[in-house]
Amino acid sequence: MASFERAAAAAEIVRLRRTGECPDGLPAGLTPPDLSEAYATQDRVRALLGEPLAGWKIGATATVVQQKFAIREPFAGPFFAIDSASSPARLPAIRFTQRAIESEFAFRFARRLEPRAALYERTEIIEAIDALVPAIEIVSTRFSSLLFDRVTTAVADCALNAGFVLGAPVAEWRHLELATHPVRLAVDGHEVAVGTGANVLGHPFNVLDWAVNHLSARGIAVAPGELISTGTTTGIVVLEPGQTAQADFGALGAVELTLV
């Protein structure tokens, strides 16, 4: 078995991002052997890209998705300002290989949460947030599939993120019960999925607990202005070129994306 070359693996993922090539997977010796190496490779990819960070996406926040990836907890990945757009957004379909979209609750942080040995309590995490931002994540890889059979490659590849469309930040959200708050996803005016915050580990706060402490354990701070997006409330829907998706978060507003 070839030994793993982390620097070369990160450089290859960055190359694929820049060239648009779409292989089946990473070559021998460049596939992270475990999740620890996958996250170390992801950190190297982030450093090589050198792009301003918009925040963190948390994936596999539903049991059925964890089963597909053969894991027992979510995974995290960075997303970048250059890949983020405000709603309503019109984006070129050619930028995305799989064009899968997800309706998500994202949370914007106003206070820095430094890495530390002690776990962050939920009250500390919630108090550090200044707004809830409804969002559509565009899930797509630098490869020919969503990598359900190669979770370490998926994690190294920034946890499958290709972009976000962000709605208007909402400051007055704490009175809402997010576990039961409905989200409706429509494509070209036809409803295709309905969900609630219960679809992400039972409650978006459960995802925030995991995410902040996961990043802290990796030595990564959550900085003011950064977002943590907590996973899909409406499953995964593929958006075709020319179609328009609208995620309706009720009192929190709507998010719209058209692929052109």
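**Exercise 1.** Are Phe69 and Phe75 buried or exposed?

*Solution.* This is a predicted model, in which local features need pLDDT of at least 70 and side-chain atom pairs count only at pLDDT 80 or more, while totals for chains, interfaces and linings use all residues. Residues are numbered from 1 along each chain as its sequence is written, and side-chain values use heavy atoms, with hydrogens and water left out.

Step 1: take the cut-offs. Buried means under 20% relative accessible area, exposed means over 50%, and partly exposed lies in between (1.4 Å probe, protein chains only).
Step 2: apply them. Phe69 is buried, and Phe75 is too.

**Exercise 2.** Classify the ring pair of Phe69 and Phe75.

*Solution.* Step 1: state the rule. Rings of Phe, Tyr and Trp (its six-membered ring) pair if their centres lie within 6.5 Å; planes under 30 degrees apart count as stacked, over 60 as edge-to-face, and the rest as tilted.
Step 1: note the total. This rule gives seven aromatic pairs.
Step 2: compare the values. The centres of Phe69 and Phe75 are 5.2 Å apart and the planes stand at 85 degrees, so the pair is edge-to-face.
Step 3: look for a further ring.

**Exercise 3.** Classify the pair of Trp173 and Phe205, and locate both residues.

*Solution.* Step 1: the ring centres of Trp173 and Phe205 are 6.1 Å apart with planes at 75 degrees, so this pair is edge-to-face.
Step 1: the pair links distant parts of the chain, 32 residues apart: Trp173 is in the loop between β7 (161–166) and β8 (182–187), and Phe205 is in helix α6 (residues 204–217). Helices (H or I, at least four residues) and strands (E, at least two) are DSSP runs, numbered from the N terminus.
Step 2: both Trp173 and Phe205 are buried.

**Exercise 4.** Find the pairing partners of β8.

*Solution.* Step 1: two strands pair if DSSP finds at least two bridges between them.
Step 1: β8 pairs with strand β9 (residues 190–196) in the antiparallel sense over six bridges. Leu185 has Ala193 in β9 as its bridge partner.
Step 2: β8 also pairs with strand β12 (residues 244–248), antiparallel over four bridges. Here Val187 has Ala245 as its bridge partner.
Step 3: examine the turn. β8 and β9 form a hairpin with two residues between them, and Asp188 in the turn has a positive phi of about 50 degrees.
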